[in-house]
Amino acid sequence: RPVEVKARKHSRHRGVGPSYSWDGHEMRYHTVDPVDGQLVWWSTTDLDEGLYWLADDVARSVALSWARRTPASRSMSDGQVRWMLAIPMWLTLMAALDLVWAERTRARIALLRRHSQQSREQAQDIAFAAARRSVR
């Protein structure tokens, strides 16, 4: 069950997972962005936008939880579980709800993939630079 918070930058919410609150026609949303791992604070008066945020969070959470419980996950790395099991299921769940929402989720997954690749490349660059320094 979501915890109601005032989704402002100075909010004291320290709970795990997303939070939602309504103030009249405005929905406020607080969660950790899966792309960059940063806390995000959004608000909208668009009901469809708010419902998308809710559905996307639930679908992503369910997909990751399911993926971690599969027999195959026992022999996979965290990255393999995420990319081979959880993310495809996340997209499948969103497509089952609404094809327009699925396209939005597909775009977020593409951003997540690019961010993940950049992070790996940066880690490799750091490791390569450290190895070069130790050889000297």
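Two strands pair if DSSP finds at least two bridges between them. Strands (E, at least two residues) and helices (H or I, at least four) are DSSP runs, numbered from the N terminus. This is a predicted model, in which local features need pLDDT of at least 70 and side-chain atom pairs count only at pLDDT 80 or more, while totals for chains, interfaces and linings use all residues. Residues are numbered from 1 along each chain as its sequence is written, and side-chain values use heavy atoms, with hydrogens and water left out.

**View 1. Strand E1 meets strand E2.** Strand E1 (residues 19–23) runs antiparallel to E2, and five bridges join them. Look for Trp22, whose bridge partner in E2 is Met27. Two residues lie between the strands of this hairpin, where Gly24 takes a positive phi near 65°.

**View 2. Strand E2 meets strand E3.** Here six bridges join E2 to strand E3 (residues 39–44), again an antiparallel pair. Val32 has Leu39 as its bridge partner in E3. This hairpin has six residues between its strands, and Gly37 takes a positive phi near 75°. Five of the seven residues of E2 (residues 26–32) are buried (under 20% relative accessible area, with exposed over 50% and partly exposed in between; 1.4 Å probe, protein chains only), so E2 is largely enclosed by the rest of the structure.

View 3. Buried residues of H2 include Val81, Leu85, Trp90 and Met94.

**View 4. Inside the largest nonpolar core.** A nonpolar core is a set of buried Ala, Val, Leu, Ile, Met, Phe, Trp, Tyr and Cys residues joined through side-chain atoms within 4.5 Å. The largest one has 18 residues, and Tyr29, Trp90 and Met94 have the most contacts (heavy atoms within 4.5 Å) inside it. E2, helix H1 (47–69), H2 and H3 each supply at least two of its residues. H1 gives the largest share, five residues. Among the residues that Trp90 touches are Pro34, Asp56, Arg60 and Leu112, not counting residues up to four places away in sequence.

**View 5. Where to read with care.** The protein averages a pLDDT (the predictor's confidence in each residue, from 0 to 100) of 81. Over residues 1–8 the pLDDT is below 50. Where pLDDT is low, the predicted coordinates should not be read in detail.
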